[in-house]
Structures are given as C-alpha cells and as structure tokens.
Amino acid sequence: MTAPLTGARTGSAVASPPPPRRSGGGGIPRRGTWLADLAGIGPPVLLFGLFVIVPMIAAVVLSLVKWNGLGTPQWAGGSNWAEFFRDPVARTSVIVTAKVVGLSYVVQTPISIALGMFTAGRQRYRTLYATIFVLPLLMSTAGIALMWESLLDPNFGALTALSKSSHLSFLQQNWLGNPSLALYVVIAIIAWQFIPFHTLLYAVGRRQIPAVLYEAATIDGANPVQMFWRVTLPQLRYTIVTSGILMIVGSLTYFDIIYITTNGGPGYTTRVLSLDMYNVAFVQDQYGYASVLAVILGVIGIAVAVGLVRFTGFVSMASQQEGAA
Amino acid sequence: MSRPRAGRLVAFTLATVWLVIVIAPLYYMILASFRTQGTYLTANPWVPTGGLSASSYSTVFAAGLGRYLLNSVILTAVCILLTVTISLGAAFRIVRRTTRASSAAFVVMLFGLAIPVQAIIVPIYVLIYKMHLYDTLFALILTLSAAAIPVSVLIMVSFVRDIPRELIGAMLVDGGSEWTVFRRLIWPLSRPVLATLAIYNGLNVWNNFLLPLVLTQSSNVAVLPLGLTKLEGLYSINVPAVMAGVLLSVLPLLVLFVAMRRQVMNSLGGIVAR
C-alpha cells in the first residue's frame, strides 16, 4: 500500500469513457421482452417520477394557490408571484444568494486548482496531504456546522482563546453574530467543506493529462508557469466547467450550514433563498408563496444544468441514444 | 521536468497552510469532546491539559445517539442496495433496447440531476404526509433513493454502454437469455463501478440533513445529522457532548475511509470528473 495514489482507475472508467459507440440493436438479436424492460426501467422511473417529477409539477401548481397546509387550497392566480416582486425579504434573499454563489466560486476555484495540482503529484508526502485534505468530506454538514459554531463562539470558542493567549485581538469577534461579518464567515465555512471535493476533482483531472504534452512543452523550452497556463489549464477545461457548475448549483441551494449556524441572521444578512423558502413553508405555513421561491430555485438549477449538458458533452450521450433508436 | 526549488517551496508552504486549516478545527473538536462541562469553560481549548475525561461520550449515548446511529445505518444500507440494484438494471435495459421510451427516460434523468431538493421539498412533504409516511424511515428511504437515481443511472449507462457488444452478442447467439447476459456478464463487470456508486450515494444519504428535517419529527426515527442538532437543542450549553456526538457520527465513515482509502477517494473524485 506504499504506492502513491495512481490515477483514479475506477474513477476514470466512469469519468472518461472512450468515444461512445453507436449503441442499440444493430447486429445483435433483440430478444428482450417488454417484461424485462418493465423490470429494468420501471422502478427508477416510478421512484423518480413519483418523488421528483410529480413534486416538480406540483410545485408549479402550488405556486398558484394560497394554502396553509390544513384547509382547502384557494386559487390565487399570479398573486403569489406578484408578492415575490414586492417582498423585501425575498429581494434580500436573492442578493444574499447571489453573494454566496459568486464569492464561493471566486474563493473555492483558485484554492481547489492549486491544491489539486499539488495533490496530483506522486511524492509520498503529497499522498499523505491528499488523504488528510479529504477528511472534511467525511463529515456531515450538520457536524461541520456544529463544530464551527462552537469553535467560533465569542465567549468560549477556540479563536477567542487564541486571541487571549496570543494578543491577536482581531480574533476576538462575534463571528456569526456580527451583521457585517456573518455572511463571510458562513462562506468561509462552506469553502472549508467543499474545497476538499473540488481539490479531488482537479487532482483526478490533472492526472489524466498525458505526460507527452509536458514533455513536448519541456522540449519547447517552456517554464513551469508557462506549462501551467498553456498546457494544464486548457487541458482541465472540462474539470473547470464541471466543478464550477457543481459549485454554483451547490451554493445556490445552500441550506444546512446556514440553517444551523445563523438561521439566516443576524437580521436577514445570511438568509439565502433556500432558507427563505424553508421558513415561508415550514415556519409560516404559506405553501403557495414558498412554492414560488422553490420554482425559482428549480428554474435556476435547470438553467445551470443546461449549461452542464452543453459544455461537457453529456448531450452527445443522449443523442447517441436517440440516433440508434 | 524538475521544477525550480523555490516554486516547490511555495507550493509546499501553501499546502501546509491549508493542512493546518483542515486539521485545526478537527483537533479542537476532538479535544473539546474530552472535556467536561466545567473544564470546557476553564481550560485552554488548544492545549490538552487541565483535565480530560470521556464522560461526554456516555452522555450522548444516554441521550439516544445509539438510536440515531442505528437509524442512519439502516437508512444508508437500504438506500445503497436500492439505488445500486435499480440503476444497474435500468442501465442494462436502456443500453440494450434504446427504444424511444427508454431514451426519453434517460433525458429526463439528465434533467433530474439539476433539480435541487429544495425546489421540490414542499410537494414532497405534502405527498409523504398524504401517503401516511410522515415521520417514518420509509419516507426517507424512498425520497433519498429517488434523489440518487439520476446520477446513478447516468453513471451506469455510460459504463454499461462501453461493455463490448460482441460479448453480449456471443452470449445471445450461444442461446443465453437477456437474464443470462445480465447475470453472467453485466453484473460481474459492473461491480467496481457499483462500489464507486455505493460509496458516493452512501455518503450523500448518511449526511443528508434537509429531508430528515422536513419528513421526520420524533427522536426514534431521527438519523445522525438531525440527531446531532437535537442533541444541541438538548445540551445547548454542553459543547463537549455535542462535539462527542459529531465525532461519533464521523467514526463509521472514518473506519471505512481508513480501510479503503483509495477506493473512497477515487469514487468521490472520479464520479463527476471527466
């Protein structure tokens, strides 16, 4: 087990299949019965349809009614949607969400690329580093939130203790209770949780770049910096797109850490859209209006996914399917 | 090919800074979990002196952590079994048939990747409530498995598609049925990918918070992440107990990780990397 972490073998089998062949019947006798199709495709379609597709449609319908969850839903037409554009809390939530998405991307991407390049190296100590870097991925979001909450406690937290013993007075802050700090602290905790995952993605991506390219660049007299910009980054473009989209969709729907650490406060400074939706639905019992917020989240999610499909070539997989039918 | 020494030093330094950022909170948490309520308030949280005790661990077990642990294990095991079986079968049929219906199902799955759970949580809650499944583990099994279906099916389709069709053809010519092909060829070849998928889905299910929060209520069906926050509600001033709970909730995954480090890292990194 002393061998350095070699290229993700299982991973690459999953991740970068050879160019897809035309799949389908051609040449092979088709003897599958409709019963086999039903047994194979039925369960996922049923499960997925009932708990994803039906709720999607239901969310759109619910966004057009007024309902507190108990009585009969009352038709409301577009009034919930009109409320969204008048609601100052919703407006704040949209801005806070945009900040979380944007800042998360800007903070996490460069650090993940740098750490990914570092951990892609085959030296033994880098393998050790890579292993330790993964640890936050094993923790549940709830666990991470509770850990940071007590670490950042202004009275008994670890940073406060550090500031007392080291005279670094700036460490003594009400990190999660100060309206001008809380959002950035939350974004930092989110980064702590997710940078390990994206580091892993970039390390896998870096190892898949053929060594030949670097050899050629060396012959051409390129220095390491030039190699990074001219060889590594262009070769990582799919990883950059995939990681970026996961980051954007992930922080768009960010909920757990904020719910546990600040619950949107102080004031509304960390109230992201998903948290606003949760509160409107399950605290204020306004299922109709909450569905407006939910539909908005879903539409943005799908819009980002269409980007994923366009950029990463998943669509070629789908069209291969259709072409062979 | 050798990089200048200065560049390596900078890389090493920056990586070490990140290493400290990763380890410091974990170290703090481990240490805090071995305090009592009294020593937590008085001792320096960074130095392992001033009285350590394991009493918090018995406190959290007395508060029902064992039950949360059991619920999480049941939920995760059933979800893994369900998603792996379902997605392998579906991938096989999608690849073998490519009828219009199965391609349509495939495209729908693709879009399913993009729907955030938050966007559909209200109808899911209503649905589960109407099905009289509210506050049951079964509700979590169904919804978390459904959430894992798109990724699983997509990964399995892209894998099964690359199994040489000559092999399938040969088996059919030799008089094998579709079921023989599935059992003798597809299933054995897919096992490594299925392991990858199981780890990835398992982690997601184990750590999910929102669905248990919305779909369950009572302590006897609470899973670990939710249980931890219940613990916090119960012991809001007992930080060592909460930290001990968090640590115990990571422990099973840590054991898994130590036992199969490469497999875990490959499945996490490889599942979406292209």
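**Ground rules.** I am looking at a predicted model, where local features need pLDDT of at least 70, side-chain atom pairs count only at pLDDT 80 or more, and totals for chains, interfaces and linings use all residues. Residues are numbered from 1 along each chain as its sequence is written, chains are lettered from A and ligands numbered from 1 in the order in which they are written, and side-chain values use heavy atoms, leaving out hydrogens and water.

**Chain A.** I looked up the secondary structure and found 15 helices and 2 strands in chain A. My note on terms: helices (H or I, at least four residues) and strands (E, at least two) are DSSP runs, numbered from the N terminus. Of the 325 residues here, 52% count as buried. Buried means under 20% relative accessible area, exposed means over 50%, and partly exposed is in between, with a 1.4 Å probe and protein chains only. I also checked contacts, meaning heavy atoms within 4.5 Å. In chain A, 65% of the contacts with a separation of 6 or more are between residues 24 or more positions apart.

**Chain B.** How many helices and strands does chain B have? I got 13 helices and 0 strands. Its radius of gyration is 23 Å, well over the 19 Å that the globule rule gives for 274 residues, so chain B is more spread out than a compact globule. I had to look that one up: the radius is taken over C-alpha atoms, and the rule is 2.2 Å times the number of residues to the power 0.38. The C-alpha trace of chain B spans about 75 × 65 × 30 Å along its principal axes. I noted 58% of the 274 residues as buried. Among contacts in chain B between residues at least 6 apart in sequence, 70% join residues at least 24 apart.

**A helix pair inside chain A.** Two packed helices are described by the angle between their axes and the distance between the axes. I picked H5(A), residues 124-138, and H8(A), residues 182-207, which pack at about 125 degrees with their axes 8 Å apart. Axes are lines fitted to C-alpha atoms, for helices over the stretch in contact, and angles run from 0 to 180 degrees between N-to-C directions. H5(A) and H8(A) are therefore oblique to each other. The cut-offs: under 35 degrees is roughly parallel, over 145 roughly antiparallel, 65 to 115 roughly perpendicular, and the rest oblique. The crossing of H5(A) and H8(A) is left-handed. That label means the near helix is turned anticlockwise from the far one by less than a right angle; clockwise would be right-handed. On the H5(A) side I found Phe133(A), Val134(A), Pro136(A) and Leu137(A), and they meet Trp192(A), Gln193(A), Pro196(A), Phe197(A) and Leu200(A) in H8(A). By class, this contact has 8 nonpolar residues, 1 polar and no charged. For the classes, Ala, Val, Leu, Ile, Met, Phe, Trp, Tyr, Cys and Pro count as nonpolar, Asp, Glu, Lys and Arg as charged, and the others, Gly among them, as polar.

**A pair across the chains.** Next I took H2(A), residues 34-62, and H7(B), residues 137-160, packed at about 110 degrees with axes 9 Å apart. They are therefore roughly perpendicular to each other. H2(A) passes H7(B) in a left-handed crossing. Among the residues making this contact are Phe48(A) and Phe51(A) of H2(A), and Ala146(B) and Ile149(B) of H7(B). I counted classes again: 9 nonpolar, 2 polar and no charged residues.

**Single residues.** Is Val153(B) buried or exposed? It counts as buried, at 1% relative accessibility. Its C-alpha atom is 4.7 Å from that of Ser87(B), 66 residues apart along the chain. Beyond its neighbours within four places in sequence, Val153(B) is in contact with Ser87(B), Ala90(B), Ile94(B) and Met109(B).

Ser291(A) sits in H14(A), residues 287-312. Ser291(A) is buried too, with a relative accessible area of 1%. Leaving out residues up to four places away in sequence, Ser291(A) touches Ala59(A), Leu62(A), Ser63(A) and Val122(B).

**Last look.** After H13(A) comes Asp285(A), whose phi is positive, near 55 degrees.
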